[in-house]
Amino acid sequence: MKKESNKMNDVQQAINSEDLPLTDELVVSYLQDNPEFFNRNNSLMTSLRLNDVQRGTVSLVERQQQQLRQKVHGLEDEITQLMSVANHNEQLFVLYSDLYLRLLDCQSAAELLDCLHQATTELLSLSAFKLWLVPTNNIALAHHCISSNDCAGVMQNRLTNDEYYFGRLQESEQKLIFSKPCSGSVVLIKLTHEEQVLGFIAISSEDAHHFDPRMDTLLLNQFKRLVAKLLQQQLAL
């Protein structure tokens with residue numbers, strides 16, 4: 001309390017002193033320490049004129065109203081964006097729920113991959129879906145979604161310490177996974193079941209910003225666990 005009193009005295013002395021210039025900092029500090037100033041000088045609220053780029057000059061009250069309107073507009077925009085995100089997330093949740101039921105009904109690994117490819121390229125409108133299996137599992141599975149190139153280096157570089165990789169790949173990595181260069185962004189999803197690494201899923205998008213490292217992985221966590229379990233069952237790894 002004593003410190004605040006000393007501060008007010010310093011400000012008041014600075015205002016009354018002819019030796020010190022009246023700076024913005026001193027005025028702000030004085031008004032902060034004297035909240036009753038405008039109550040004592042009520043006419044100043046309307047008589048004080050401020051420069052405004054759009055309207056020429058306005059009163060202090062008008063400026064406050066303008067700032068409040070801008071703040072309200074900003075909050076309305078934020079709410080609209082949040083509602084849009086919530087609606088998109090709801091649609092994704094429904095899509096994933098339907099996909100899980102379809103995956104559980106698959107009777108073979110090939111049918112499982114067909115289902116995943118269709119969901120990726122048709123329902124989600126993404127570019128490509130590929131699955132790479134660790135060679136040590138000795139699985140002979142012929143399917144157009146299987147990446148037959150040696151992608152061990154990709155997995156080591158991108159997924160050694162992480163469950164996912166979001167972003168861009170080098171052209172050499174793109175060719176190994178997708179057998180061709182792919183513009184845009186990708187997500188790599190490590191598949192592990194009962195501590196056994198099965199391989200990874202690669203999904204590409206033509207949008208360079210679609211797969212971003214800041215993406216939420218809640219739905220992907222459930223997705224990859226189910227796919228890894230079903231693959232392990234179908235392939236009898």
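Q: Which residue in β5 does phenylalanine 166 stand opposite?
A: Phenylalanine 166 faces valine 187 there. Keep in mind this is a predicted model.

Q: OK, and how many bridges join β4 to β5, and which way do the two run?
A: Four bridges, and the two strands are antiparallel.

Q: What about β5 and β6, how many bridges there?
A: Nine bridges tie β5, residues 185–193, to β6, residues 196–205. That pair runs antiparallel.

Q: Give me some partners. What does serine 185 stand opposite in β6?
A: Serine 205. Further along, lysine 190 of β5 has phenylalanine 200 as its bridge partner in β6.

Q: And the turn of that hairpin, how many residues are between the strands?
A: Two residues sit between β5 and β6. Glutamate 194 has a positive phi there, near 50°.

Q: Zooming out, in what order do the strands of this sheet come?
A: The order is β3-β6-β5-β4, four strands in an open sheet with antiparallel pairing.

Q: Which ones are the edge strands?
A: β3 (128–133) and β4 (164–167), since each of them pairs on one side only.

Q: How much twist from one strand to the next?
A: On average, 15°.

Q: What actually holds strands of a sheet together?
A: In general, strands pair through backbone hydrogen bonds, and the pairing can be parallel or antiparallel.

Q: Back to β5. Why is it described as largely enclosed?
A: Because eight of its nine residues are buried, β5 is largely enclosed by the rest of the structure. Buried here means under 20% relative accessible area.

Q: Switching to helices. Which strands does α8 lie across?
A: Helix α8, residues 171–178, lies across β3, β5 and β6. Its direction makes an angle of about 110° with β6.

Q: And α6, where does that one lie?
A: Helix α6 (residues 109–123) goes across β3 and β6. With β3, α6 makes an angle of about 145°.

Q: How many helices and strands are in the protein?
A: Nine helices and six strands.

Q: What share of the protein's residues count as buried?
A: 35% of the 237 residues.

Q: Last one: what share of the contacts with a separation of 6 or more comes from residues 24 or more positions apart?
A: Those pairs account for 51% of such contacts in the protein.

Methods
Residues numbered from 1 in each chain as written. Predicted model: local features only at pLDDT ≥ 70, side-chain atom pairs only at ≥ 80, totals over all residues. Heavy atoms only, no water. Pairing = 2+ DSSP bridges. Axes fitted to C-alpha atoms, helices over the stretch in contact; angles between N-to-C directions. Contact = heavy atoms within 4.5 Å. Buried < 20%, exposed > 50% of the residue type's maximum accessible area, 1.4 Å probe, protein only.
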